[in-house]
Amino acid sequence: LLTMARLTTEDALVCETRPIHPFLHRMVREYELSAHDRQIRLRLIIEMGNVLVTFDPRQVQRVIDNLLSNAIKYTQPGGEIVIRAERGDDEIIIHVQDSGPGIRQSDLPHLFDRFYRVPGTERTSVEGTGLGLAIAKSIVEQHGGRIWVESEPGQGSRFSFSLPLSRRERSVS
């Protein structure tokens with residue numbers, strides 16, 4: 001709750017313009033051991049040049065932390081998580097796709113609501129408060145981006161978010 005409150009203040013973001021590649025590689029390296037321990041394959045695919053993005057590294061790290069930790073929680077041993085980064089017209093898009101159980105269509109519209117947990121997860125060993133995705137949404141929107149999910153039961157889930165390119169990158173394209 002404290003994190004949510006802090007994100008509503010005007011100076012919640014401390015943005016820097018920097019290349020996105022090293023940031024993404026570092027984030028994936030931080031989760032390699034956790035994925036390996038759970039016997040999950042973790043891959044990073046970058047489908048763009050090393051573009052500049054203006055973002056708050058600490059806050060975007062929270063978004064990726066949430067998406068990767070959720071993917072690891074819900075993916076069974078032997079599964080795979082793929083982080084894919086691609087360039088859109090004026091944005092980069094980062095996808096975190098897992099081979100977990102997937103999510104029912106009726107739950108998708110509520111996933112980014114505060115305190116929402118998919119029914120049945122409270123009876124499993126998957127812990128959580130139901131705030132992580134709401135916090136991720138707030139951070140992404142404060143950056144001028146968007147966040148969404150695609151999922152089918154039995155087919156895994158793909159959480160995606162976008163961040164605007166830096167002004168310099170937009171003027172080049």
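This is a predicted model: local features need pLDDT of at least 70, side-chain atom pairs count only at pLDDT 80 or more; totals for chains, interfaces and linings use all residues.
Reader: Okay, helices first. At roughly what angle do the axes of α2 and α3 cross?

Author: They cross at roughly 35°, and the axes come within 11 Å. An axis is a line fitted to C-alpha atoms, for helices over the stretch in contact, and angles run from 0 to 180 degrees between N-to-C directions. Helices (H or I, at least four residues) and strands (E, at least two) are DSSP runs, numbered from the N terminus.

Reader: Which residues in α2 and α3 meet?

Author: On the α2 side there are F23, L24, R26, M27, E30, Y31, S34 and A35, and they meet P57, V60, Q61, I64, D65, L68, S69 and I72 in α3. Contact means heavy atoms within 4.5 Å. The residues of this contact divide into 10 nonpolar, three polar and three charged. Ala, Val, Leu, Ile, Met, Phe, Trp, Tyr, Cys and Pro count as nonpolar, Asp, Glu, Lys and Arg as charged, and the others, Gly among them, as polar.

Reader: And how does α3 pass α4?

Author: In a left-handed crossing. The axes of α3 (residues 57–74) and α4 (residues 132–142) come within 9 Å and cross at roughly 145°. Q59, V60, R62, V63, N66, L67 and N70 in α3 meet G132, L133, A136, I139 and V140 in α4. That contact has seven nonpolar, four polar and one charged residue.

Reader: Which residues of α4 are buried?

Author: L133, A134, I135, A136, S138, I139 and V140. Buried means under 20% relative accessible area, exposed over 50%, and partly exposed in between (1.4 Å probe, protein chains only).

Reader: Why does A134 count as buried?

Author: Because its relative accessible area is 6%. The C-alpha atoms of A134 and L111 are separated by 7.8 Å, though the two are 23 residues apart along the chain.

Reader: New topic, the sheet. What order do the strands have?

Author: β2-β4-β5-β7-β6, in an open sheet of five strands with mixed pairing. β2 (41–47) and β6 stand at the edges with a single partner strand each, so one side of each has no neighbour in the sheet. From one strand to the next the twist averages 15°. Helix α2 (residues 20–37) packs on the sheet and touches β2, β4 (80–87) and β5 (91–98), its direction making about 170° with that of β2.

Reader: How many residues of β5 are buried?

Author: Seven of the eight, so β5 is largely enclosed by the rest of the structure. β5 pairs antiparallel with β4 over seven bridges, and seven bridges also join β5 to β7, again antiparallel. H95 in β5 is the bridge partner of R84, and L163 in β7 is the partner of I92.

Reader: Where's D107?

Author: In the loop between β5 and α4. D107 is buried, with a relative accessible area of 4%. Its side chain joins that of R104 in a polar contact of 2.9 Å. A polar contact is a pair of N or O atoms within 3.5 Å; within protein, one must be able to donate a hydrogen and the other to accept it, and residues adjacent in sequence count only if both atoms are side-chain atoms.

Reader: Last one: how many helices and strands does the protein chain have?

Author: Five helices and seven strands. Of its 173 residues, 45% count as buried.

Conventions
Residues are numbered from 1 along each chain as its sequence is written. Side-chain values use heavy atoms; hydrogens and water are left out. A crossing is left-handed if the near helix is turned anticlockwise from the far one by less than a right angle, and right-handed if clockwise. Two strands pair if DSSP finds at least two bridges between them.
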